[in-house]
Amino acid sequence: MTRSGRVVRFVVLASFFALPAARARAEESAPALEVVKLKPAATAEKLTPIDQEVDQVLARIADKETDEISDKTDFDRLLELEKAAVPRLSHVLANANGQYDQRWVSARALGRIGGKESIKALRGTLTNDKFSMMRLAAIQGLKDSNDAGSFDALVTALNDDAMVV
């Protein structure tokens, strides 16, 4: 073994045995640690009973196993909920990661229910959604709502670059 190899080996062994003493000195001079409790990164959404019902109805409508008559009955149920369903339908429509079928049905239901909040959600989707089929659903919803104030948004949509809008 060369002399430099012995020196390196000596330094490594010396630091290994000196480690407990150095650690003890560091612990004496270090401030006491404080335990900090962190909040969970993602908390579950608290859904109202109406929100839960809207989610269940949308899930049934999106189910490929259900027949068209059942889907129509479920859609009518959304319309019966009226304004109470609007916040949840708006949330589902705005969720870019949501299921396409549920977002489409939400847009159509919002258009049929109508009202300021529904129109606001539909206009937001029409102007901001990256998915062209959702912009088309928003157009259908705005058409269903018969809102004269949406005329400018609909005219702007005529210049949409997507083939389907």
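Helix α4 is covered from several sides: what lies over its buried residues includes α2 (49-62), α3 (68-81), α5 (100-113), α6 and α7 (132-145). The buried residues of α4 in question are Val-86, Arg-88, Leu-89, Ser-90, Val-92 and Leu-93. Keep in mind that this is a predicted model. Overall, the protein chain has 8 helices and 0 strands, so the rest of this briefing is about how helices sit against each other.

**The chain as a whole**

- Reading from the N terminus, the elements go α-α-α-α-α-α-α-α.
- The protein chain has 165 residues, and 29% of them are buried.
- Take the contacts between residues at least 6 apart in sequence: 65% of them link residues at least 24 apart.

**α4 against α6**

- A pair of packed helices is described by the angle and the distance between their axes.
- For α4 (residues 86-94) and α6 (residues 116-128), the axes come within 10 Å and cross at roughly 5°.
- That angle makes α4 roughly parallel to α6, because anything under 35 degrees counts that way.
- On the α4 side, the contact is made by Val-86, Ser-90 and Leu-93; on the α6 side, Glu-117, Ser-118, Ala-121, Leu-122 and Thr-125 take part.
- Sorted by type, the residues of this contact come out as 4 nonpolar, 3 polar and 1 charged.

**The nonpolar core**

- In soluble globular proteins, nonpolar side chains tend to be buried together.
- Here, the largest nonpolar core holds 29 residues, and the members touching the most others are Val-54, Leu-58, Leu-78, Leu-89, Leu-110, Leu-122 and Leu-126.
- This core draws at least two residues from each of α2, α3, α4, α5, α6, α7 and α8 (151-157).
- Leu-122 is worth a click: leaving out residues up to four places away in sequence, Leu-122 touches Leu-93, Ala-107, Leu-110, Gly-111, Ala-138, Gly-141 and Leu-142.

- Ser-106 belongs to helix α5, and its relative accessibility is 0%, so Ser-106 counts as buried.
- Beyond residues up to four places away in sequence, Ser-106 touches Leu-58, Leu-89, Val-92 and Leu-93.
- Asp-74 is part of helix α3 and is buried too, because its relative accessible area of 9% falls under the 20% cut-off.
- Setting aside neighbours within four places in sequence, Asp-74 is in contact with Val-57, Arg-60 and Ile-61.

**Out towards the solvent side**

- Glu-80, in helix α3, is exposed, with a relative accessible area of 53%.
- Glu-80 and Ile-113 are 33 residues apart along the chain, while 8.8 Å separates their C-alpha atoms.
- Lys-143 sits in helix α7 and is partly exposed, at a relative accessible area of 47%.
- From Lys-143 to Arg-108, the C-alpha to C-alpha distance is 9.4 Å, and the two are 35 residues apart in sequence.

Conventions:
Residues are numbered from 1 along each chain as its sequence is written. This is a predicted model: local features need pLDDT of at least 70, side-chain atom pairs count only at pLDDT 80 or more; totals for chains, interfaces and linings use all residues. Side-chain values use heavy atoms; hydrogens and water are left out. Axes are lines fitted to C-alpha atoms, for helices over the stretch in contact, and angles run from 0 to 180 degrees between N-to-C directions. Helices (H or I, at least four residues) and strands (E, at least two) are DSSP runs, numbered from the N terminus. Angles under 35 degrees count as roughly parallel, over 145 as roughly antiparallel, 65 to 115 as roughly perpendicular and the rest as oblique. Contact means heavy atoms within 4.5 Å. Ala, Val, Leu, Ile, Met, Phe, Trp, Tyr, Cys and Pro count as nonpolar, Asp, Glu, Lys and Arg as charged, and the others, Gly among them, as polar. Buried means under 20% relative accessible area, exposed over 50%, partly exposed in between (1.4 Å probe, protein chains only). A nonpolar core is a set of buried Ala, Val, Leu, Ile, Met, Phe, Trp, Tyr and Cys residues joined through side-chain atoms within 4.5 Å.
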